[in-house]
Amino acid sequence: MGLFDKLFGSKEKKTVEVEIYAPLSGEIVNIEDVPDVVFSEKIVGDGIAIRPTGNKLVAPVDGVIGKIFETNHAFSMESKEGVELFVHFGIDTVELKGEGFTRVAQEGQTVKRGDTVIELDLPLLEAKAKSVLTPVVISNMDEINHLEKKTGEVVAGDSVVLVLKK
């Protein structure tokens with residue numbers, strides 16, 4: 001640390017490591033395998049997808065719920081470190097007009113990791129949705145220096161799916 005840094009404060013922001021936990025129980029799948037180009041080509045951000053076995057979408061980090069879609073199939077949130085996340089249950093699930101989804105949390109609500117955001121009727125969604133693969137993406141990738149993706153089986157709110165440096 002130089003003299004000017006001591007006098008005026010360093011211009012460099014400290015790197016923070018942030019762990020993103022599974023918003024849903026199931027198995028991690030590569031984002032590139034999601035049958036929707038918006039996700040597979042990382043147009044909205046990079047991350048992973050989960051093939052679900054659970055019946056709840058939970059907050060993957062401590063933070064604030066941003067938007068919950070009117071049809072309750074997706075939500076965005078921001079972690080306390082400023083990481084912007086987007087969780088989208090299934091593909092083309094907006095066409096179900098909310099069927100199979102029950103909103104639990106509210107927009108603007110402060111949540112802790114593991115708090116339920118949306119409850120789902122998984123058997124109904126498996127029968128009616130084009131795909132139940134659930135993308136979990138970081139939407140402000142321009143602020144992320146490093147992204148590590150985990151693999152395997154995950155438990156909602158307990159298993160780390162992404163580790164990133166911001």
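1. Arg113 lies over the face of Tyr21, 3.7 Å from the ring centre. A charge counts as over a ring if NZ of Lys or CZ of Arg is within 6 Å of the ring centre and within 35 degrees of the ring normal.

2. This is a predicted model, in which local features need pLDDT of at least 70 and side-chain atom pairs count only at pLDDT 80 or more, while totals for chains, interfaces and linings use all residues. Residues are numbered from 1 along each chain as its sequence is written, and side-chain values use heavy atoms, with hydrogens and water left out.

3. An open sheet of 8 strands runs in the order 9-5-6-7-11-3-2-13 with antiparallel pairing. Strands (E, at least two residues) and helices (H or I, at least four) are DSSP runs numbered from the N terminus; two strands pair if DSSP finds at least two bridges between them. Strand 5 (residues 63-68) and strand 6 (residues 74-79) run antiparallel and are joined by 4 bridges, with Val64 opposite Glu78 in strand 6.

4. An open sheet of 3 strands has the order 1-14-12, again with antiparallel pairing. Strand 1 (17-21) and strand 12 (146-149) each have a single partner strand, so one side of each is left without a neighbour in the sheet. Strand 12 pairs with strand 14 (residues 160-165) over 4 bridges, and Glu148 stands opposite Val163 in strand 14.

5. Buried means under 20% relative accessible area, exposed over 50%, and partly exposed in between (1.4 Å probe, protein chains only).

6. There are 3 aromatic pairs, counting rings of Phe, Tyr and Trp (its six-membered ring) with centres within 6.5 Å; planes under 30 degrees apart are stacked, over 60 edge-to-face, and the rest tilted. Phe39 and Phe86 are stacked, at 6.4 Å centre to centre and 15° between planes. Phe39 lies in helix 2 (residues 37-40) and Phe86 in strand 7 (residues 84-88), so the pair ties together parts 47 residues apart in sequence. Both Phe39 and Phe86 are buried.

7. Phe89 and Phe101 have ring centres 5.6 Å apart and planes at 75°, so this pair is edge-to-face. Both Phe89 and Phe101 are buried.
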